[in-house]
Amino acid sequence: MQNVRWWDAAAIAVAAVITALSALDPPYGPADYVVWAVAGSFLAIHALWGRRCVPVATPATHLAIAITYAVLLAVGTAFEPSFAILQAFLFPFVWSTAPSTRSAIVANLLIAVALVVGYTIRSGLAGMATGAAVAALSVGFSIALGLWITRIAQYGEERAALLADLQAAQGQLAAMHREAGVTDERGRLAREIHDTIAQSLTGLVMVAQRAGNRLDGVDGEAAASVRGDIELMEQMGREALTEARGLVASLTPVEPDAGLAEALRRLAASFERETGVAVTVRADAAGLDRELEVVLLRSAQEALANVRKHAKARTATIEVTVTPAGDEVVLTVADDGVGPGDAMPGEHGFGLAGIRDRAALVGGSFEFGPGAEGGSRLRVVVPRADAPHPHPNSTPTGGAA
C-alpha cells in the first residue's frame, strides 16, 4: 500500500475510531479532551510530515517520525487504553516506509515500548504486564509479517530483474537475427545482379565492340552514322556495367568478424582487384561495439562505391582514428579523383544519403566535399559511448551519390 491516499484514508479512519470510542462514554472529562487532542495532533502530524515519508523515508526522517508517533501512542494510551488501536496504523506504516529492514525493526520496537509506557502510566504494574503482553504479541506479529512481505518483495524484484535481462537478451537476439537476415539478403541481391544484369551488360559491351570492329573497313556516311551509334551503345553499356558493379560491391556482405581494421583491408583488397584503384587502409580504433563497426564499415563500402562510379581516381585512402578525447571515432575516405563538383548528397542516388542516415542513427555526423589536395573527402564521426548523445545532422558541402 504505497499510495499516499490509502495511508491518508487509514489515518483518518483510525483517528475517527479512537474518537468515537472515547465519545461513547459520557460525561466527558479532561482525559477525553486530551485523547481527542492527541488524535487531532496525530492527524496533523501525518498530514504535514508523515505522508511525505511515503513510499520510503530517509533513515533519519524515518527514525524521527517513528519516535514522534511512539510518543503520541504513549500519551494517548496513558489517558485512554483504547488509544492503542493506533498501533494498527503505526506498525504497517513504519515498516512499509522504512529504508531498510533494520530501520523497520527499530521503529517497531519503539512503538512496542510506547505501548508498555502508556499502559504503565495508566494502570501501574498491572498495566505494565498488560502492555507488555499486548506489545509482545503485536510487535512479534508485525516483524514476522513484515519480514515475510519483505522477502516476497525482494523475490519479486529479483524476478523482475531476471525478466528485464531476458527481454534485453531476446531483443539483442532478435536484432542479430534481423541483421543476419539483412546481410543474407544483401548477399543474395549482389549475386543476382552479378549473375544477371552485370553479365548481360558485359555481353552487350562485347557485342557492340564486335559490331564496331566489323565496320572498320566500311566507308560511307551511313556506315559512319552506324559506327557512332554503336560507339554510343558501347559507352552506355560500359557506364551501366560500372553502375551494376558498384551496386554489387555496395551490397556484398563484408562482416567485421575479425575486427574493423581487418574487414576494411579485405574491402580495400577486393575493390583494388576489381577497379585497379590503389586503396591504403590505416585503422587505429580497437574496442568498438559491433553496431559502430558495422556503421563505419558500411560507410566505407558506400564511399568506395562512390569512388568507383564518379571519382575516376587512381588512389584512395581509408583512415579510422579516435579523437584525442577518446569519445569519438572518425572515418575518413579520400581519393585523388575529379572531386565532388556542385552535386549534393542524395541528388543522383542513395549512396551518400545512406551514409548520412547511418551516421545519424548512432548519433554521429557526416561531411562530404573536396579534399585539401584535390579529389573528394568523406568524413564520418560517431560517438564511442554506449548511449550516444544526440549529434547535429550532417552538414555536407557537396558531392555525388
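1. What share of the 401 residues in the protein is buried? Buried residues make up 38%. Keep in mind that this is a predicted model.

2. Start with the overall layout. The protein has nine helices and five strands. Read from the N terminus, the order is α-α-α-α-α-α-α-β-α-β-β-α-β-β. The accessible surface is about 21700 Å². Carbon and sulfur atoms account for 61% of that surface.

3. Next, the contacts along the chain. Take those between residues at least 6 apart in sequence. Of these, 71% join residues at least 24 apart.

4. Helix H1 deserves a look of its own. It spans residues 4-23, which makes 20 residues. From first C-alpha to last, H1 reaches 29 Å. That is close to the 28 Å expected at 1.5 Å a residue. At the start of H1, Asn3 makes a contact: one of its side-chain oxygens comes to within 3.0 Å of the backbone nitrogen of Arg5.

5. Which residues of H1 are buried? They are Trp7, Asp8, Ala11, Val14, Ala15, Ile18 and Ser22. These residues cover an arc of only 140° around the axis, so they sit on the same side of H1. The other side of H1 carries Arg5, Trp6 and Ile12, which are exposed.

6. What do the buried residues of H1 pack against? Their partners are helix H2 (30-48) and helix H4 (87-96).

7. Val14 lies in helix H1. Its relative accessible area is 9%, under the 20% limit, so Val14 counts as buried. Setting aside neighbours within four places in sequence, Val14 touches Phe42, Ile85, Leu86 and Phe89. Ile85 is 71 residues away from Val14 in sequence. In space, their C-alpha atoms are 7.2 Å apart.

8. Now the charged pairs. How many salt bridges does the count come to? The count is six.

9. Arg282 forms a salt bridge with Glu319. The closest N and O atoms of this pair are 3.8 Å apart. Why does the pair tie together separate parts of the sequence? Arg282 lies in strand E1 (residues 278-283) and Glu319 in strand E2 (residues 315-322), so the bridge links parts that are 37 residues apart in sequence. Are the two residues buried or partly exposed? Arg282 is partly exposed, at 43% relative accessible area. Glu319 is also partly exposed, at 29% relative accessibility.

10. Arg151 pairs with Glu158 in another salt bridge. Here the closest N and O atoms are 3.9 Å apart. Arg151 has 45% relative accessibility and counts as partly exposed. Glu158 has a relative accessible area of 43%, and is partly exposed as well.

11. Arg356 is partly exposed, with a relative accessible area of 29%. For Asp357 the relative accessible area is 43%, which also counts as partly exposed.

12. To recap, H1 has its buried residues on the same side, and they pack against H2 and H4. Val14 is one of those buried residues.

Key
Residues numbered from 1 in each chain as written. Predicted model: local features only at pLDDT ≥ 70, side-chain atom pairs only at ≥ 80, totals over all residues. Heavy atoms only, no water. Helix = DSSP H or I, 4+ residues; strand = E, 2+ residues; numbered from the N terminus. Expected span 1.5 Å × (residues − 1). Buried < 20%, exposed > 50% of the residue type's maximum accessible area, 1.4 Å probe, protein only. Arc of directions from axis to C-beta. Contact = heavy atoms within 4.5 Å. Polar contact = N/O pair within 3.5 Å; in protein donor to acceptor, adjacent residues only side chain to side chain. Areas by Shrake-Rupley, 256 points an atom, 1.4 Å probe, with all protein chains shown as cover. Salt bridge = Lys/Arg side-chain N within 4 Å of Asp/Glu carboxyl O.
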